[in-house]
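Could you walk me through how the helices pack here, and then through the aromatic rings?

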Amino acid sequence: PPERPWTSLPRILMRLEAIEQTQSPTGKLRLRFEGGQTLLVLPSVVAEHGLIPGMSLPEAALDVLRDDAALASAKERAVRILAAAPVTGDELQSRLVQKGESPEHAALAVQWLRELNLLNDAAVAAQIVRSGAAKGYGAARIRQALYQKHVPRELWDEALEALDSCDEAIDAFLQKRFRGTTPDRKEQKKAADALLRRGHRWEDIRRALERYVPDGDFPE
């Protein structure tokens, strides 16, 4: 039988009366103890501790089971989040806490996934840069996305090295916005402000405006 962490706990025994199915979407089971106490756990916890109806456990074992059940829940939730979209370890830990997991269990779940080589912060950073570039964003906007996704700062520069010149993205933006017309100074200013919000540098924007409207009167 599996080694149980409560074997050294005080021997005030209580009986596990039933292990019941629930309507939980994650398949949680309900442990029903004598005296009316209940505990929801994932099937993995039942298997790990070799729980069967009718067995007797020290009363203090409930605390051990609660902690194991909470950690198993954090791990299961971490896997679901990771399956939905790539995330960094720090972002995953933050989201787990936001979902109600304890900081301790969130950290342990992230550590568990790292040990399984299922978290790759550098790959997430590279994906964010590619996605931002595809949307026509500049380096400043992409840095903001890296920050929001909790990418470690030491990974930013390497990821941003893959970012090509933004000239093509800026030119495409101006062509789409002006549709072949000649914009006046006010329209150029609005376009420049929009490009600044997308994270592009003013010097790159000005050069693009000069390409689009040679000899134009450009906003400062």
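In this predicted model, helix 9 crosses helix 10 in a right-handed way. To find the two, look at residues 185–197 for helix 9 and residues 202–212 for helix 10. Two packed helices are described by the angle between their axes and the distance between the axes. Here the angle is about 140°, and the axes sit 10 Å apart. Angles over 145 degrees would count as roughly antiparallel, and 65 to 115 as roughly perpendicular, so helix 9 ends up oblique to helix 10.

Which residues make the contact? From helix 9 come Gln 188, Ala 192, Leu 195 and Leu 196, while helix 10 brings in Trp 202, Ile 205 and Leu 209. Sort them by class and you get six nonpolar residues, one polar and no charged ones.

Now for the rings. Search the whole structure for aromatic pairs and you'll find one. Its partners are Phe 178 and Tyr 212, with 5.2 Å from centre to centre and 50° between the planes, which makes the pair tilted. Tyr 212 takes us back to helix 10, whereas Phe 178 belongs to helix 8, residues 167–178.

Phe 178 has 5%, so it counts as buried. Tyr 212 has 18%, so it is buried too.

Note on methods: Residues are numbered from 1 along each chain as its sequence is written. This is a predicted model: local features need pLDDT of at least 70, side-chain atom pairs count only at pLDDT 80 or more; totals for chains, interfaces and linings use all residues. Side-chain values use heavy atoms; hydrogens and water are left out. Axes are lines fitted to C-alpha atoms, for helices over the stretch in contact, and angles run from 0 to 180 degrees between N-to-C directions. Helices (H or I, at least four residues) and strands (E, at least two) are DSSP runs, numbered from the N terminus. Angles under 35 degrees count as roughly parallel, over 145 as roughly antiparallel, 65 to 115 as roughly perpendicular and the rest as oblique. A crossing is left-handed if the near helix is turned anticlockwise from the far one by less than a right angle, and right-handed if clockwise. Contact means heavy atoms within 4.5 Å. Ala, Val, Leu, Ile, Met, Phe, Trp, Tyr, Cys and Pro count as nonpolar, Asp, Glu, Lys and Arg as charged, and the others, Gly among them, as polar. Rings of Phe, Tyr and Trp (its six-membered ring) pair if their centres lie within 6.5 Å; planes under 30 degrees apart count as stacked, over 60 as edge-to-face and the rest as tilted. Buried means under 20% relative accessible area, exposed over 50%, partly exposed in between (1.4 Å probe, protein chains only).
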